[in-house]
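User: Please take a close look at one part of the structure shown below and then relate it to the rest of the assembly. I would appreciate a single connected account, with cut-offs given for the terms used.

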Amino acid sequence: MKKETLKTIILTLLIFSSVILSIQIWFVNPAWTQTYSLASFFTAWKPEKDDGLNINVTGAFNSVFSPRAYVFTYNDGRLFFSTTEQEGSAIRDVYNTAIKTAFSAENAVFVTENDWQTMLKSNSIYADYSVPVSINALFDFLGGTTEPSFALTSFNQTVITFDQILTNAYICFRNSTTNQQMRITLTDAQEIRNIFEQYKERSKEDYAYAFEMNLDKKMNETAVQQKVLMNSYILVPLEPVTMNTIRREAVTFSQQTIDGLLELFGYNPKTARKFTESNGTILFVDNKSTLKLNSETGYVEYIAEKDDGLALPGDGNLSSIASGCGKLLDNIYNLFVMDPNVTLFINSPLDTENAERYTITFDYLFNGNSIQNDTHSCKIVVSGGEILEFYATIKNYQMVAVGNQENAQDVLDTLYTNLNQDALLINNLYTGYIDAPGEMPLCWRAEVQGSDEIITVK
Amino acid sequence: MQSIKQKTVCLLVALFSLLCPVVSFAAPATLAANATSNASNLIVITNPPSFSSTTQQGVVFCGYGSNNTKVTLYLFNTATQRYEQMAVYGVPVTATINASGVFWKKVNLPSGLNKILIYAENGNSVQVVRREVSVLSSSLADKIKDYTVNMSSALQMGR
């Protein structure tokens, strides 16, 4: 072969390989994050990465603008469950449809607290959102057709009742802070009525609100000392409650998990600059942010330098911010093997729109019971529609044993004895876990007037 | 021999003396229709009110009272004209009030007028509180429902 022909062949091969390499670097596996890639101009044709959920294990997205718990009341029985259970998820969609219907109604009227209590006592579905929710933000989130023009701007509780006689249905929104209740007649309530028909036969558990027992009222009797008053809306279990025990389980940061985390935070796993700190934390750095991962503690931290962070989809309003944070968390937790009873629930108010900066927090639930940690399990700081700070401690829990049964009456006795006060006003009483090494039994938690701390009743 | 007999008698007397307070603390199985109190500072019943009606058979009796007070529920039997201890699966419906003073018991009442007596005892002190709860039958509730529906239809036809 002639020298010139050989040179031509070699040159052709070199040019061809450099073109292939360039295509690799620009389009297939960018060497830099997309935000300042020169090639981003050329990737407009590239299909959008699917940011939908593969498997919604932790339910963080589903907890946004959703009730945390439902209480069905039918005749003298009740059924209580958290939205983290499978059935709660099914009810949520139907409940949201009823709310969308309510948004387009023009018959909203303010009612009294007495009316609210009457609705709670009748055949009804009560939903506790646990955090204040802006009605406008909820409308944005649900995608309603007619923007509501209600005098009530935020709420944290709702109840839907069914008038058997006149076949009407009503939904009442309540803001427990301002003690305002707004009732709307539902013009189309067939779906929610069907759900109620499904669950009413199971409503046989024994719960009573403190107001039904009049344990929330100061009596005029002076012959007997009234030592304990309860918040009207504490749902008192009349039968013993089973106190299960759980245990923290280790989470695994495999290489696949780490690569997945890097991609979720906009890093290229192949080219991210990596350092290891003295405590074993792996630090990734790019020009705009840092990402820390500690496999031993499950700690994940993302901090954007200056104000150029991780963009959330949507138009930067409260609804898109909260739901975007929920989706991101679900995508993160999908990288780990989690117990199905472990879920995340949003724990920050959703009633402030158009803020410059939002701090969205989530905490763990196990089977609907809260798990208290020293700090929030997940905290996300958002500004201008971008995540500037992200802190999370990835934890997994598993049930260890079915515990003893405890009566709420005994709990009140123990609480009163422990606090050693003449009179107690109990603002809240519920069951939950306290995160700790080793086994964690379900325990009773109380919020008492005059104390900022949540008291664990032992 | 005589000293053994004396000791045995003393022992039996002592045993009998110990048992007496136990007998006197147990709530009687039935009470007369006009049973009365010798104290008024043992309990306050917060629910149900003195006279009430409901369509639900399950009624929560609750209230607050003095520490170590034992509360027993009785239902008036028109056949015997006496109050008889209520029981669930053979177990008397009772509650003991402890430190917080709060107590509650849920019972299922039969349809119709129910006269309830709440018996509270603490040592030698006894307080009785009476309640009347009418449990409306489902057929009556349906009649009210039908009447209301018919009235509603009639009103609409008349428009």
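Analyst: Asn68(B) lies in the loop that links strand 4 to strand 5 (70-77) of chain B; helices (H or I, at least four residues) and strands (E, at least two) are DSSP runs numbered from the N terminus. This is a predicted model, in which local features need pLDDT of at least 70 and side-chain atom pairs count only at pLDDT 80 or more, while totals for chains, interfaces and linings use all residues. Residues are numbered from 1 along each chain as its sequence is written, and chains are lettered from A and ligands numbered from 1 in the order in which they are written.

The phi of Asn68(B) is near 70°, a positive value in a residue other than glycine. Most residues other than glycine have a negative phi, and most peptide bonds are trans. Asn68(B) counts as partly exposed because it has 13 C-beta neighbours inside 10 Å. On this scale a residue is buried if 20 or more other C-beta atoms, placed from the backbone, lie within 10 Å of its own, exposed if 12 or fewer, and partly exposed in between.

Strand 4 (residues 58-65) of chain B pairs with strand 2 of chain B in the antiparallel sense, over 4 bridges; two strands pair if DSSP finds at least two bridges between them. Cys62(B) in strand 4 stands opposite Asn47(B). Strand 2 (residues 43-47) of chain B is mostly covered, with 4 of its 5 residues buried. A cis peptide bond, with omega about 0°, joins Asn47(B) to Pro48(B). Pro48(B) itself sits in the loop between strand 2 and strand 3 (51-54) of chain B.

The average pLDDT of chain B is 83, and 77% of the residues score at least 70; pLDDT is the predictor's confidence in each residue, from 0 to 100. Over residues 20-25 of chain B the pLDDT is below 50, and this stretch has 1 contact beyond near neighbours in sequence, where two residues are in contact if their C-beta atoms, placed from the backbone, lie within 7 Å. Residues 145-150 of chain B also have pLDDT below 50, with 4 contacts beyond near neighbours in sequence. Where pLDDT is low, the predicted coordinates should not be read in detail. The model scores ipTM 0.79 and pTM 0.81.

Chain B meets chain A through a contact that takes 27 residues from chain B and 25 residues from chain A. Helix 9 (residues 408-419) of chain A gives the most to the side of chain A that touches chain B, with 5 residues. By class, that side of chain A has 12 nonpolar, 7 polar and 6 charged residues; Ala, Val, Leu, Ile, Met, Phe, Trp, Tyr, Cys and Pro count as nonpolar, Asp, Glu, Lys and Arg as charged, and the others, Gly among them, as polar.

Chain A has 9 helices and 28 strands, and its C-alpha atoms fill a box of roughly 115 × 50 × 40 Å along the principal axes. Its domain assignment gives domain 1 (60-204) and domain 2 (247-399), with bounds that come from an automatic or database domain assignment. The centres of these two domains, taken over C-alpha atoms, are separated by 31 Å. Their contact takes 20 residues from domain 1 and 22 residues from domain 2 of chain A. Helix 5 of chain A is among the elements that give two or more residues to the domain 1 side.

Helix 5 (residues 135-142) of chain A has 7 of its 8 residues buried, so it is largely enclosed by the rest of the structure. Its buried residues include Ile135(A), Leu138(A) and Phe141(A). Just after helix 5, Gly143(A) takes a positive phi of about 70°.

Asn179(A) has a phi near 60°, a positive value in a residue other than glycine, and lies in the loop between strand 6 (168-175) and strand 7 (180-186) of chain A. Asn179(A) counts as exposed because it has 10 C-beta neighbours inside 10 Å.
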